[in-house]
Amino acid sequence: WSRACRRPATTPAGGKTVEPVPDLATSWSHSADLKTWTFQLRHDVRFQQGYGALTSADVVYTMDQMLNPSNNGSVAGEIRGDVKSVSAAGPYTVTFNLTKPDSLFIWDVTNAAQIVSKAYVTKVGAAEANKQPVGTGPYELTAGVPGSSYTFSAVKGSWHKAPGFQKLVLE
């Protein structure tokens, strides 16, 4: 799932190791056998357009969609190969149970999927949510022509670092 952590902007002293840096997750731990990973989510992350706080329910909902065998997306296939189940151990605690030990899961899960708002997808449906996504980041999609251009606007009061631009156009 996207941005549980991020890679640091600079390499630590000596350049020998690269440690993950907390982002949407404030901390994480794993079992001794590396088959269970638990993440503590930030409490101040909110979905855009008033869809509430990002909670473990959103992460579990997103991962359940990925684990569904009818989901044929490439990311879903990767998730199904690694993750046996995902559960909420509290409103801001998520536990991943893996199919096999994985010391690099922290990096894999970071790039796996965009967490969606369960409330939003339930309200508008998956097709509409795919066309007009609601996220938690510093920019919100305000216009788009698939395969051509996308316009994003800065979100005021975002939990994340203040955006450097008020409007961002990708063509």
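Because the model is predicted, local features need pLDDT of at least 70 and side-chain atom pairs count only at pLDDT 80 or more, while totals for chains, interfaces and linings use all residues. Residues are numbered from 1 along each chain as its sequence is written, and side-chain values use heavy atoms, with hydrogens and water left out.

**The four-stranded sheet**

Helices and strands here are DSSP runs numbered from the N terminus (H or I, at least four residues, for helices; E, at least two, for strands). Four strands line up as S3-S4-S6-S5 in an open sheet with antiparallel pairing. Two strands pair if DSSP finds at least two bridges between them. At the edges sit S3 (25-30) and S5 (83-90), each of which pairs on one side only. Neighbouring strands of this sheet are turned by 20 degrees against each other on average, direction ignored; the axes are lines fitted to C-alpha atoms, and angles run from 0 to 180 degrees between N-to-C directions.

S4 covers residues 36-41 and holds Thr38. Is Thr38 buried or exposed? Thr38 is buried, because its relative accessible area is 19% (buried means under 20%, exposed over 50%, partly exposed in between, with a 1.4 Å probe and protein chains only). The Thr38 side chain makes a polar contact with the side chain of Thr95 at 3.5 Å. A polar contact is a pair of N or O atoms within 3.5 Å; within protein, one must be able to donate a hydrogen and the other to accept it, and residues adjacent in sequence count only if both atoms are side-chain atoms.

His43 counts as exposed, since its relative accessibility is 58%. The C-alpha atoms of His43 and Trp159 are 9.8 Å apart, though 116 residues separate the two along the chain.

**The three-stranded sheet**

The other open sheet runs S7-S8-S9, again with antiparallel pairing. Its edge strands, S7 and S9 (167-170), each pair on one side only, and the twist averages 20 degrees from one strand to the next. The hairpin of S7 and S8 has three residues between the strands, and Gly147 there takes a positive phi near 80 degrees.

| Strand pair | Bridges | Facing residues |
|---|---|---|
| S3 and S4 | five bridges | Ala25 and Leu41 |
| S7 and S8 | six bridges | Tyr139 and Ala154 |
| S8 and S9 | four bridges | Ser153 and Lys167 |

**The largest pocket**

What is the volume of the largest pocket? About 980 Å³, where a volume is the space filled by probe spheres set on grid points joined across faces, edges and corners. A pocket is an open set of points on a 1 Å grid over the protein atoms alone, where a 1.4 Å probe fits and protein lies on both sides within 12 Å along at least five of seven lines; lining residues have an atom within 4 Å of a point.

Of its 35 lining residues, Gln114, Ile115, Pro133, Val134 and Gly135 are the closest to the centre. H1 (56-67), H4 (118-124), H5 (126-131) and S7 (139-145) each supply at least two lining residues, and H1 gives the most, with four. By class, the lining has 22 nonpolar, eleven polar and two charged residues. Ala, Val, Leu, Ile, Met, Phe, Trp, Tyr, Cys and Pro count as nonpolar, Asp, Glu, Lys and Arg as charged, and the others, Gly among them, as polar.
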